[in-house]
Amino acid sequence: MADIPLQSKVALTGGADFWHSQAVPEADLPQVMLTDGPHGVRKQSGATDHVGLNESVPATCFPPAVGLSSTWSRETLRKVGEALGEESKALGVGVLLGPGVNIKRSPLCGRNFEYFSEDPYVAGELATAYVEGVQSKGVGTSLKHYAANNQETDRMRRDSQVDERTLRELYLNAFHKVVTRAQPWTVMCSYNKVNGTFVSEDRFLLTQVLRDEWGFEGVVVSDWGAIHDRVAALRAGLDLEMPANPAHEAGVMAALESGGLDESVIDRAYGNVERVLRRAAATVADADGVFDVEGHHALARRAAEQCIVLLANDGVLPLASDTTVAVVGEFARTPRYQGAGSSRVQPTQLDNALDRIEAIVGHDVPFAPGFTTDPKNPVGDAAHDEAVEVAARADVVLVFLGLGENHESEGYDRTTADLPPEQLALLDDILAVNGNVVVVLSNGSSVLVPFRDRVRAVVEGWLLGQAGGPALADVLYGLVNPSGKLTETIPLRLEDVPSHLNFPGDETGVRYGEGLFVGYRGYDASAREVAYPFGYGLSYTSFDYSDLTVTADGNALTVVFTVTNSGPRAGREVAQAYVSIDRSRVVRVPRELKGFADVTLEPGASQQVTIEIPLWELAYWSVIDHQWVVESGTYTVAVGGSSRDLPLSGTVDVTGNEPARPLTLFSTLGEAMAVPAFASVMAGLAESFGGMPMDDPDMVRMVMDIPLATVAGFSGQSEAELQLLLDQVNRQAKV
Ligand code: GLC
């Protein structure tokens, strides 16, 4: 590094243009392309932008995270990651900008389609598989957006105000898992502030947590345009500002010359960027633009099939091919298959549901768009009336509804959780003439489903990528047995969402007032009814759970149970394990997902499933000790097919790792009495209560929460005398 000119080292801490890092000729390091991601390669060959306005070269558009997460399949995420790595390599992309693991704090977040879940465990598990897949091909990833970037409103300035424990357990947790398990080559720091500091200038997040605690070895790259002061950002731990910003580069040189910035900071950043991008450069050196287009399209279809969540079905599904159907809704012909913004991919091909339905039944079927998905091209009542007429003549009407690209997007949030009113009105009029309605949804985040009891089936198709249309058709006709499960709750009302009163905040910031109680954690804690709970999804078969055992050793809980396919056809089941603790010394949510496994079973077949839950997964973040703490106690492990369908449960005692805390004058009597060495002091204090029998549990319970200083006061003992006794106890207890 010594023989690299300072100017060249500084240059490498910023981009060469919108999508490339700087070349360093003295180090024989070429430019490297970093581009989006996450669910397909968005390589722009002409005009560039970071919100998907300009075209990009064709690449496979896989289901976005909202769909892929609903597979609950680590194997599928890894395979999609591998394919993305292959396409990135072929197209000369050294770092693919994804996955996004921000928690879905509200269904209104415009970018939820790009994120995995309201739950950090499933997000972290699946994102880990994705990163391992992509990087197995020698292409880097960018874990984003670090951190607490959970809305699009004012995203480049807004201050996310999150308490310490909530930040650790919910908003950093998935990042923690992916960094420690998969070492993404880069982590992308977000635009927003966290607790008053821009993340790009936050040494606590970029260095203390990410590197010192988690051991991150890669490059901290900025979100595009997130840097306001590259000197401050470099000091905090940033390594690479994107895109290019010559003024900031000059500012760094000036700070170095004035002594305002130490060259060691540049050496650190240069070293990280050079090491990572050299690996990427080697991978793409022989990029030939060739990848397995057909094979990846087939993978996109298989993945899409697993994404689909069957929410309701009175038996009308699967359809028989000779059922007289009508298809209503533009989404059947013009699929909404990905989100708007920087992740928009130019697909290698695009299939729709309508064509596949006609291929399955062997003839054309009546179709009416009913509404437009292009706000610039409104359709009048004629389209509405036509659709109602078409619906009236069919045995079963397949109504494709959803959110258009103008309803949810990177860059802005939704203001309503409802489907567009013109679609709801159309559904009402169709129901007035035909009660045999199946609703098929295409949306990037939960929508309210007030019609769910008025229709015969509801299929949640999320956004399914370029091959999602046929996957939907195959589910409707039973060629595929749906197996997707919700990774975000579908509420009954927007007002029920735990974050509702604090989303999206205002010019003073956004207060994460609901704390830990996000998603099912909140709905369960308030025992609130929901339309469809986290982890839920139906099948065309059924599954039974039996024979649960839960054991613990010093490292993990081992959860063993049997799943049986008790229904008429083969199917895949995602079994989930939720953990809770009885009587905790800290506030707890009712239960948390801490394990899942999917099994595919023929009718009548059974399979024993084992889920290992490392003890550290049970830990809470102590804001007293500022560390993860596994609390000793009795834990309950509940197992089943959704967060609100847990037919099996078992308990197990766990010895935790609570750090011993020295007794102080403000330790309570209860805390002190838990320390054996305190017993000797206790006798003397009994006098404080007029000789109260301290072995009387009812009496003691009344005084357990009194601080020792107050107890000493009652007995006329000075705090200094008591402190001496406590010092003695602490020494004896070696704390
Ligand atoms: C965008 C997004 C980020 C993307 C980057 C480059 O603003 O926030 O996810 O990777 O810029 O397009």
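1. How many bridges join strand 10 to strand 11? Two bridges join strand 10 (residues 325–328) to strand 11, and the strands run parallel. V328 has A368 of strand 11 as its bridge partner. Strands here are DSSP runs (E, at least two residues), helices likewise (H or I, at least four), numbered from the N terminus.

2. On the basis of the model: it is predicted, local features need pLDDT of at least 70, side-chain atom pairs count only at pLDDT 80 or more, and totals for chains, interfaces and linings use all residues. Residues are numbered from 1 along each chain as its sequence is written, and side-chain values use heavy atoms, with hydrogens and water left out.

3. The sheet is open and has six strands, in the order 9-14-13-12-10-11. Its pairing is mixed; strands pair if DSSP finds at least two bridges between them. Strand 9 (309–313) and strand 11 (367–368) are at the edges with a single partner strand each, so one side of each lacks a neighbour in the sheet.

4. Helix 3 (residues 74–91) and helix 4 (residues 120–135) cross at roughly 35°, with their axes coming within 6 Å. Axes are lines fitted to C-alpha atoms over the stretch in contact, and angles run from 0 to 180 degrees between N-to-C directions. The crossing is right-handed (the near helix is turned clockwise from the far one by less than a right angle).

5. The domain assignment, automatic or from a database, gives domain 1 (6–46 + 63–284), domain 2 (295–504), domain 3 (543–654) and domain 4 (669–733). The centres of domain 2 and domain 4, taken over C-alpha atoms, are 66 Å apart.
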